[in-house]
Amino acid sequence: MGSFGTSLPGLAGNVPVATLPTINYRLLLNCDEAEMAKLLSVSIREGFFYLDLEDEDVSQTTCGYIDQIYNFMRTWFNQDLEIKLQDLQSNYTDGYKATGFFAGPYDGTRDAYESLKVSHKGIKAPEASVPAAIQSERALFEAYLTRANSIARQLLSALSTASGLPPAERFENFHQTSEDSNSVLVLLRYPYVPPAEQSKTVGHNKHTDIGSITVLFTDQWGLQVMAADSQQWQWVAPRRNCAIINVGDSLRFLSQKKLKSCLHRVVPVDGQTSDRYTIAYFLRPDNRVSFIDSNGAHVTAQHWHDVKYEVFRATQEEQRRDTILTGGLEPAVASGV
Ligand SMILES: O=C(O)CCC(=O)C(=O)O
Ligand SMILES: [Fe+2]
């Protein structure tokens, strides 16, 4: 899959490399009890792990789609900004976002990534309402959305079985991914930012993911996760044939906070001068599903999605006043403090 950057990034600030657990996808498909139990304990403890697809029958096609999507991204993102702006997002589930729209990882900075989003409802919409770029690769995006959705739902199914949930409470039931969900494929490019400009636009601010399960592919360094034990940032190494999976806010809330979502962010790697690409699929609950959020409010999945995107846009100072950015993992700081 792509050209893998396997060497260590510059260890700026002595950030160590995370030793994340690995879950084997084929064993989950075979309903292997020990692997399902491991998935549950990893999701309770870390909420962040590798999913090894190497032995999976469909791994070749999954990685094949990923390679095709990387190729698409290299061409599409390299166009002039004014062309990309023709596909500007009018909501948070479809279309293009330029750099600087959200807060960055350090106070006063804005984000340094562009994204192009393709939602399940968007890909099923009449041709006229789909951005031209997506339209030209419709079959690829439709096939990959279906594949990523089935990987994520398989994880939900294994977690439900291992948790001994009664049929009506199984996590998959809240993720039918019909027309009414915000589940989405997000293609991200982090254009190289020279060090002199990194005080303005840089990386991707710390956050927990809005939805339930994130299936992420990248073959470059830059992603950091907050370690469950030491509460320090650690690099997440890119690994061939592995998806990086994390539990998001919605699944944490649906599990009565038994499952753990995890803080993560993206920061520049010392000496890296190339653009960085990520392919992230976000499985989110159906919009009507409700849960108790990090502020103790009873909200729908749709509401949590919309509110959290507004928080992503706010300044870091505003973000600290609330628990939404980190899904309640960090306490709110009273204003003026
Ligand atoms: O680019 C990455 O590696 C992480 C992206 C991410 O965390 C997100 O889009 O939610
Ligand atoms: Fe994320």
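This is a predicted model: local features need pLDDT of at least 70, side-chain atom pairs count only at pLDDT 80 or more; totals for chains, interfaces and linings use all residues.

**Exercise 1.** Work out which strands stand at the edges of the open four-stranded sheet, and why one side of each is left without a neighbour.

*Solution.* 
- Start with the strand order: the sheet runs β6-β11-β8-β9, and the pairing is antiparallel.
- Now look at the two ends. β6 (204–207) and β9 (233–235) each have a single partner strand, so each has one side with no neighbour in the sheet.
- While you're there, check the twist: going from one strand to the next, it averages 25 degrees.

**Exercise 2.** Find how many bridges join β6 to β11, and which residue stands opposite H204.

*Solution.* 
- β11 covers residues 264–266, and two bridges tie this strand to β6 in antiparallel fashion.
- Along that pairing, H204 faces V266 of β11.

**Exercise 3.** Describe the largest cavity: what is its volume, and which residues lie nearest its centre?

*Solution.* 
- First, the count: the structure has three cavities of 30 Å³ or more.
- The largest has a volume of about 420 Å³.
- Its lining takes in 33 residues, with Y113, H204, H207, D209 and F282 nearest the centre.
- Sorted by class, the lining has 17 nonpolar, ten polar and six charged residues.

**Exercise 4.** Say what lines the second largest cavity.

*Solution.* 
- This cavity holds about 40 Å³ of space.
- Its lining includes N182, R284 and H305.
- By class, that lining splits into three nonpolar, five polar and one charged.

Conventions: Residues are numbered from 1 along each chain as its sequence is written. Chains are lettered from A and ligands numbered from 1 in the order in which they are written. Side-chain values use heavy atoms; hydrogens and water are left out. Two strands pair if DSSP finds at least two bridges between them. Axes are lines fitted to C-alpha atoms, for helices over the stretch in contact, and angles run from 0 to 180 degrees between N-to-C directions. On a 1 Å grid over the protein atoms alone, a cavity is a set of points where a 1.4 Å probe fits but cannot get out, and a pocket is an open set with protein on both sides within 12 Å along at least five of seven lines; lining residues have an atom within 4 Å of a point. Grid points are joined across faces, edges and corners, and a volume is the space filled by probe spheres set on the points. Ala, Val, Leu, Ile, Met, Phe, Trp, Tyr, Cys and Pro count as nonpolar, Asp, Glu, Lys and Arg as charged, and the others, Gly among them, as polar.
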